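Hi,

Here is the structure I promised to pass on.

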Amino acid sequence: MLDVSVIDDPAAATVALDPVRSRLLSELIEPASAATLAARTGITRQRVNYHLRALEAHGLVQMAQTRQWGGLTERLLIATAASYIVSPKALGPVASHPGRRADRLSASYLIALAARVIHEVGDLVRHAQAIGKRLPTLSIDTEIRFRSAADRAAFSQELAHAVTTLAARYHDPSAPGGRAHRLVVVAHPLPHAPESQSTAQRANEESS
């Protein structure tokens, strides 16, 4: 089972986004039969089998094993991934792309960059799996609380300078056997914590 699978086929995306089928996918982290799923979800076994056939037809679930049950052969299915994400490629011509955004400081441009990463890396992962190789990637995720807008601007300038300097040092467009990599650096404000959580956090800070 994959940790995450990127869905780029529109039909598969439609199948996965159906509420009932999405629920079944979440239940199939471990192998289960249609009868077991029917008992868990309260859906008739006939309807469960109908949804499972659709999921299996689009490669979202697969057979894990079979077992004998009451003289019958029962199929146990499992999801092909622990989680799924829909690629912008599934949206066809209306999919977001950074080339359509002129303002590189806009939130729309950041979203378009993230969409392109999902699209490109999803394709690369599938190819790497097909040939039995590991895809080399690097991810850095951290949080920074700036004291002021001025500090945020200063950090942005220093970061841009550092990235530009490193890229210039290591970039060699004529290196034999070299391979181009895409480097994307983004920053955005964190979502506000719910009011109840903020209140509880302040209470804990005051009591400590």
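Predicted model: local features only at pLDDT ≥ 70, side-chain atom pairs only at ≥ 80, totals over all residues.

First, the core. The largest nonpolar core has 21 residues, and the ones touching the most other members are Leu25, Leu28, Leu37, Leu52, Leu55 and Leu60. At least two residues of this core come from each of helix H1 (10–17), helix H2 (19–27), helix H3 (34–41), helix H4 (45–57) and strand E3 (72–79). As general background, nonpolar side chains in soluble globular proteins tend to be buried together.

Leaving aside residues up to four places away in sequence, leucine 37 touches Leu24, Glu27, Leu28, Ala32, Val48 and Leu52.

Now for the helix that carries it. The buried residues in H3 are Ala34, Leu37, Ala38 and Thr41. Looking down the axis of H3, you'll see these buried residues fall within an arc of 105 degrees, so they line one face of the helix. What do the buried residues of H3 pack against? Their partners are H2, H4 and E3. Just after H3 comes glycine 42, with a positive phi of about 80 degrees.

On to the charges. One of its salt bridges is with the side chain of aspartate 8, at 3.7 Å from N to O. Lysine 89 sits in the loop between strand E4 (84–86) and helix H5 (107–130), while aspartate 8 is in the loop between strand E1 (5–7) and H1, so this pair ties together parts that are 81 residues apart in sequence.

Lysine 89 also meets the side chain of aspartate 123 in a salt bridge, with N to O at 4.0 Å. That pair links distant parts of the chain too, as lysine 89 is in the loop between E4 and H5 and aspartate 123 is in helix H5, 34 residues apart. Both ends are partly exposed: lysine 89 has a relative accessible area of 40%, and aspartate 123 has 28%.

One more pair to check: glutamate 74 and arginine 67 form a salt bridge, their closest N and O atoms being 2.8 Å apart. Is glutamate 74 buried or exposed? Its relative accessibility is 8%, so glutamate 74 counts as buried, whereas arginine 67 is partly exposed at 34%.

Cheers

Key:
Residues numbered from 1 in each chain as written. Heavy atoms only, no water. Core = buried A, V, L, I, M, F, W, Y, C linked by side-chain atoms within 4.5 Å. Buried < 20%, exposed > 50% of the residue type's maximum accessible area, 1.4 Å probe, protein only. Helix = DSSP H or I, 4+ residues; strand = E, 2+ residues; numbered from the N terminus. Contact = heavy atoms within 4.5 Å. Arc of directions from axis to C-beta.
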